[in-house]
Amino acid sequence: MSEFDHAPHTYLLTRTDTEAQRLDRLYGAWQANIKYLLHPAITVHDHACIADIGTGTASVIWLRDLSREVPSSCQPHGFDISAAMFPDRQILPPNVTLFEQDMLQPFPEQFLGHYDVVHVRLMIVALSSDHWAMGVQNLMTLLRPGGWLQWEDCAGHEATVHEPSSHEHRSKNARLYLDLFRKTAIDCGKKPKIAELMKIFQRSGLVTCQEHIHPLLEPEAREDLNFAVLEGVQNTLIAAFDSGHRKWIEAKADIAGARRAAETDLQQYHCWFTYNVHVVIGMSPP
Ligand SMILES: C[S@@+](CC[C@H](N)C(=O)[O-])C[C@H]1O[C@@H](n2cnc3c(N)ncnc32)[C@H](O)[C@@H]1O
């Protein structure tokens, strides 16, 4: 698989096997910190219908893990705008089905009002700033009365480098790498609305909304998180450069150079990337 989607307002990452592996490691790092698949306020009955949006590949793992936790009579469905990272049918549990679907476009009739739970994860480089509210409203059409929407995302733009006190203020290149990501993503219209997501839920008419913030601190997940950030920032910068957003990057080779310098800092000063994951839940009025 090898594909770039250059449209600036749709997706700013690659859809390659390497990206699939990165998403899987990132999934592990998030789960090591969040420790639940569905927020404990969300209870699932024996025949619950569950949709995972922007399922990619890692959330197919989310779907796979979830399908082990819920009764086998539940029906997990995954939706993604592209099938490029869908795994082989035979590695999916038999009750899991995957569909190609843009979350910003009306869903086919058969899915409307069908789901007890709709789950979304990690759309910060997929959605433009003005798409978050539209996305919530469109996903609400999938919920049954009393059904839950759960969205986990991060303010990748607020990622920081954690340095041990013995190496304070030394990891200059790692911080510059994050700055480059922040500026480039914003230049491409990807300023995440995560801080406003709960308000968007409430304004859209969801009730019993809650927000839980999980800082990514687990030592066992640091290596995976460092890898996922190094690789994810690089892929985003390459996709931005290829689609003509070159304000902050003069030559493509500079991207690999910036990554190498950041990686050297992480190793030399024993530091690690970290950011907060927000989990927002809300219920369709019963
Ligand atoms: C960063 S990946 C996250 C994948 C997965 N949710 C995870 O947590 O690893 C974003 C995914 O959203 C998909 N995507 C992007 N825009 C989308 C849209 N408008 N509707 C549905 N899926 C979309 C991409 O194809 C990609 O698989």
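## Helix packing and a buried histidine

In this predicted model, residues Thr-18, Glu-19, Arg-22, Arg-25, Leu-26 and Ala-29 of helix α1 are in contact with Glu-223, Asp-224, Leu-225, Phe-227, Ala-228, Glu-231, Gly-232 and Asn-235 of helix α6. The axes of α1 (residues 17-34) and α6 approach within 9 Å and cross at roughly 140 degrees. Angles over 145 degrees would count as roughly antiparallel and 65 to 115 as roughly perpendicular; α1 and α6 are therefore oblique to each other. The crossing of α1 past α6 is left-handed.

Helix α6 (222-242) also takes part in the packing of α7, whose buried residues lie against α4 (172-187), α6 and β8 (272-274). Helix α7 comprises 17 residues, 252-268, and spans 25 Å from its first C-alpha to its last, close to the 24 Å expected at 1.5 Å a residue.

| Group in α7 | Residues |
|---|---|
| Buried | Ile-255, Arg-259, Ala-262, Asp-265, Leu-266 |
| Exposed, on the face turned away from the buried side | Ala-253, Arg-260, Gln-267 |

Viewed down the axis of α7, the buried residues fall within an arc of 120 degrees, so they line one face of the helix. Just after α7, His-270 adopts a positive phi of about 50 degrees.

A further histidine, His-157, is located in the loop between β5 (143-154) and β6 (160-162). Because its relative accessibility is 9%, His-157 counts as buried. Leaving aside residues up to four places away in sequence, His-157 touches Phe-181, Arg-182, Ala-185, Ile-186, Lys-190, Lys-191 and Pro-192.

Technical notes
Residues numbered from 1 in each chain as written. Predicted model: local features only at pLDDT ≥ 70, side-chain atom pairs only at ≥ 80, totals over all residues. Heavy atoms only, no water. Helix = DSSP H or I, 4+ residues; strand = E, 2+ residues; numbered from the N terminus. Buried < 20%, exposed > 50% of the residue type's maximum accessible area, 1.4 Å probe, protein only. Contact = heavy atoms within 4.5 Å. Expected span 1.5 Å × (residues − 1). Arc of directions from axis to C-beta. Axes fitted to C-alpha atoms, helices over the stretch in contact; angles between N-to-C directions. Parallel < 35°, antiparallel > 145°, perpendicular 65-115°, else oblique. Left-handed = near helix turned anticlockwise from the far one by under 90°.
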